[in-house]
Number of protein chains: 4
Amino acid sequence: MKFNLWFTEYHNENISLSMRVKEVLYLEKSKYQEIAIIETYDFGRVLILDNTFQTTERDEFIYHELISHIPLFTHPNPKDVLVIGGGDGGTVREVVKHKKVERVDFVELDEKVIEACRKYLPNLSCEMDNEKVNIIIADGIKYVAETDKKYDVIIVDCPDPVGPAKGLFEKEFYKNVYKCLKDDGLMVQQSESPLYDLKLIENICKYLKESGFKIIMPYSYPMPSYPSGFWSFTLASKKYNPLDVDENKIREALKEIKTKYYDEEVHKAIFLSTPKYLKELVRNITKSL
Amino acid sequence: MKFNLWFTEYHNENISLSMRVKEVLYLEKSKYQEIAIIETYDFGRVLILDNTFQTTERDEFIYHELISHIPLFTHPNPKDVLVIGGGDGGTVREVVKHKKVERVDFVELDEKVIEACRKYLPNLSCEMDNEKVNIIIADGIKYVAETDKKYDVIIVDCPDPVGPAKGLFEKEFYKNVYKCLKDDGLMVQQSESPLYDLKLIENICKYLKESGFKIIMPYSYPMPSYPSGFWSFTLASKKYNPLDVDENKIREALKEIKTKYYDEEVHKAIFLSTPKYLKELVRNITKSL
Amino acid sequence: MKFNLWFTEYHNENISLSMRVKEVLYLEKSKYQEIAIIETYDFGRVLILDNTFQTTERDEFIYHELISHIPLFTHPNPKDVLVIGGGDGGTVREVVKHKKVERVDFVELDEKVIEACRKYLPNLSCEMDNEKVNIIIADGIKYVAETDKKYDVIIVDCPDPVGPAKGLFEKEFYKNVYKCLKDDGLMVQQSESPLYDLKLIENICKYLKESGFKIIMPYSYPMPSYPSGFWSFTLASKKYNPLDVDENKIREALKEIKTKYYDEEVHKAIFLSTPKYLKELVRNITKSL
Amino acid sequence: MKFNLWFTEYHNENISLSMRVKEVLYLEKSKYQEIAIIETYDFGRVLILDNTFQTTERDEFIYHELISHIPLFTHPNPKDVLVIGGGDGGTVREVVKHKKVERVDFVELDEKVIEACRKYLPNLSCEMDNEKVNIIIADGIKYVAETDKKYDVIIVDCPDPVGPAKGLFEKEFYKNVYKCLKDDGLMVQQSESPLYDLKLIENICKYLKESGFKIIMPYSYPMPSYPSGFWSFTLASKKYNPLDVDENKIREALKEIKTKYYDEEVHKAIFLSTPKYLKELVRNITKSL
């Protein structure tokens, strides 16, 4: 008999996903949010912010490989990388696998998330002390507005557009991201569910276009612990197109980068396998602007 | 205030997905299972068999387009098609969109499912009376064991490998499917979650290989209403490889076939974007045999 | 395997009671509230208003016997009775069992509740057409404010003090009830949970005292389908004390009135067995005023 | 926003009660069961054995006062008391309040329950180290079978009749309890829900009668955290009848025993206010034997 203790995330007032809880490892309110790390039976340890699944040990590899390797293999020489959000460290962990990356500025709003993940999610936070990584506790929105630095790749590993994260989905933010990228830079943004949040994805693409990006391409994938299990990133680039990358180059590099989901075939195919209706939506927006 | 009535599917004893119910349209026990059709707030009407989501109006297009158009566009001339299972009619609806298809033998075990879906899921069952469609109320396992017919394409739109459907995941069944295919025939099987059911997929591929199929390729995709939101089909072919199809041919044909998810890019990319770990698993199995 | 369909009432944001649903018999929004009647496995048919259990076939006898027979056996000659609320008809059903009762004015706000219960809860609504019963579709608060009639017994079979029912728990209302009672009249009010709602019970008693009632006595009992399973009524009387009634008189009368919970012993014991802390609370209030 | 973590007890496969959990204080498997102590929002700390609510800080006073003071005030001179079960210590805490009690043998099967409650439920376990209390880690069923001691009062504070506790509801056990009582001794047994478990109560009374007890009287009361919120004890006595006790004597004694629920009125009224159907059931059984 298992203890009948469950955590439930309500995707909205009509749908919910519940996991049986083995142990509550951490539960605290920070200045910004309620942070929980629980041990589950099927998804291992799970980070929850304000009652929303952020990352689970079981399926985080999908999210973190795809948010990192797609942009980093699209850019031929990603030396300077900015990661906004992603306090669990999973994105940073993947980014530092790239030898060409020399420095990662890792801007996270909530120091308590970093602390909790350092302690309870070592599989994700393991590269936070990597010498390339520069942790900056700050609001990413303000950071890109104020910094003078220029990056090759900016990865926006943001939570849902609620509360303080709302500004990460607004035009002002994208303009500042554009400003912070070198002339051949590119960015990737976490862009919610292609089933639930189509209007939001439409807006993101519109704002990115209006901010000056030449190439705007969403890509979708299954993400079991997220609402609808169906999720997306949106890549926006000043110059490089992910479909132009030489697959052999990726295959070669992957000999030294261990991945479970991403490979040289996935790199392009993930854009092409994105559903027709989403590709059309984005095509229509970017054409019309 | 919405009425607080919910249906919950337990993926296993540790995870569950719940949807708020607007109306219970149909609820009956057949000889084989408990059949329910409910109206939900976010996923429209939903067919549930033995407390398991089978199909929802909101996301069924993903499943039905991908189980149908991938094999039918892989085969150059799919005249004779066998559909096993899929009593909601969604697969048949997609199959008959193909002009080259002359006849669809549609074998469903449970007549009551067909009746209920005819009445309450017209968006799915709408082509059941199509003149190409020949409904056969029978056990698919027995059907392929006993029939002398030969098909170009066989689509196994089966439920989870529990109860009577168990036999649809065993070697004996695949051997008979092989027997029922013409020399250049191919089949597609619903093959569960690449996150939860890896061992099962491994077995399916092994059995398919042992049954004589030359080409065995799983493909995965997001399926929000199914366990883990991450699902797969496995294609097994005597001759044709889905990656060899001319995209232009598909693009042309799609001018007359309305799809939301599938397009000529998705056709190949869905195989290539399947996670590395799953492609490797299958490669290892099929190589070793 | 039973269909996994559940209704849940949240007692507050921290506690909930759920029942598996066999069938949804009725679900409609009236002008005032959302009305549902469901068939459950263990509690039979259940009336639910705005997601709150109102009455169930299994335990309604407790509530309806105790709200009716206590006051009607306390009053030596209850000819004219007013019932406010209780659209299911259960209270009226008990009241008309008393031969001395000549007329029951039954004031219910929501005609749709009466209609639904007539159709789906015949065990409760069966005496609505009794010739003694005069159904008045009206707001009980306004009714007692405006009527010139005088009653022997007034029974306030009200829902929780939320929305339109709020006024049924305010001093103005009790003053009007006092006014509508003959000089030896008495009233009973549904007064919520002695565990959750002590402050409310305190207020009710205070207001009753301030309205002129001489005798104010709450009585508590188990009520499985209500929040905390622990519920109360409060009797307020101008003259008669329920503890003064001759038990033999009740025993005699009960030969012709079928009850399951109430008997001549329960009549007094239910007041005396009310928890010490509740009796003390009321004693302190009524003494201090 | 509160963390969405809930514990659910299923009363049976059709009804469940859920409480939001603030903290999991203790969770361990002992030799006999899974023991959990959680902190809830509305019921304080809660002891749970095998997914069943055992006791909560909020409503335990009802249970523990009624299981203890009723028998101890019924017996004129309860010097030697045996408590079987009740590892949380709540019953013992009430028992030692009686000056006449000289010794309490406290037989609990599961040492781990005692340890956990000592640490996390000090409000209940506070008298475990009282010099009158003699803790015996043993199976109560075996204990009464084997001991030669004779008691004035035996209190069976048992869990539900499942697993190892089953024997506490069988005739053999009652015979041994009878044997362990002095000639004027009496016992009280936890006897489940008068709504759900009528057949069980019937059997208990039958077995008690057959074991030789002269007086057998169940008494019921609301118990919010238990299934149906409606619970019962059954008193069986060789000589003393609880209805014969002098109320003044109780009132006097209560000046030095602090209670919230029990008082001299409750003492008798709780038997008389027990529902007619339950009193009749027991009367019929005891008469017929």
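Let's start in chain D, where seven strands form an open sheet in the order 8-7-6-9-10-12-11, with mixed pairing. Strands here are DSSP runs of E with at least two residues, helices are runs of H or I with at least four, and both are numbered from the N terminus. Two strands pair if DSSP finds at least two bridges between them. At the edges sit strand 8 (133–137) and strand 11 (215–222) of chain D, each pairing on one side only. From one strand to the next, the twist averages 15 degrees.

A word on the ground rules: this is a predicted model, in which local features need pLDDT of at least 70 and side-chain atom pairs count only at pLDDT 80 or more, while totals for chains, interfaces and linings use all residues. Residues are numbered from 1 along each chain as its sequence is written, chains are lettered from A and ligands numbered from 1 in the order in which they are written, and side-chain values use heavy atoms, leaving out hydrogens and water.

Back to the sheet. Strand 10 (residues 181–190) and strand 12 (residues 230–237) of chain D pair in the antiparallel sense over five bridges, and D:Q190 stands opposite D:F233 in strand 12 of chain D. Helix 7 (residues 198–210) of chain D packs on this sheet, touching strand 10, strand 11 and strand 12 of chain D, and its direction makes about 5 degrees with that of strand 12. Helix 6 (residues 171–180) of chain D lies across strand 6 (80–85), strand 9 (151–157) and strand 10 of chain D, at about 140 degrees to strand 10. Those angles run from 0 to 180 degrees between N-to-C directions, using axes that are lines fitted to C-alpha atoms, for helices over the stretch in contact.

Now for the places where chains meet. Contact means heavy atoms within 4.5 Å. Buried area is the accessible area (1.4 Å probe) that two parts lose on being put together, summed over both.

| Chains | Buried area | Share from carbon and sulfur atoms |
|---|---|---|
| chain A and chain B | about 3700 Å² | 57% |
| chain B and chain C | about 1600 Å² | 60% |

Between chain A and chain B, 41 residues of chain A are in contact with 41 residues of chain B. On the chain A side, A:N14, A:L195 and A:K276 lose the most area to chain B, together 17% of what that side buries. There are six salt bridges between chain A and chain B, a salt bridge being a side-chain nitrogen of Lys or Arg within 4 Å of a carboxyl oxygen of Asp or Glu. One joins the side chains of A:K279 and B:D263 (3.0 Å, N to O). Strand 2 of chain A gives the largest share of the side that touches chain B, six residues. Strand 2 of chain A also runs antiparallel to strand 2 (residues 15–29) of chain B, with five bridges joining them, and A:I15 stands opposite B:M19.

The contact between chain B and chain C takes 20 residues from each of them. B:M1, B:F3 and B:N4 supply 41% of the area that chain B buries against chain C, more than any other three residues. The salt bridge count between chain B and chain C is zero. Strand 1 of chain B and strand 1 (residues 5–12) of chain C run antiparallel, joined by three bridges, and B:W6 has C:W6 as its bridge partner.
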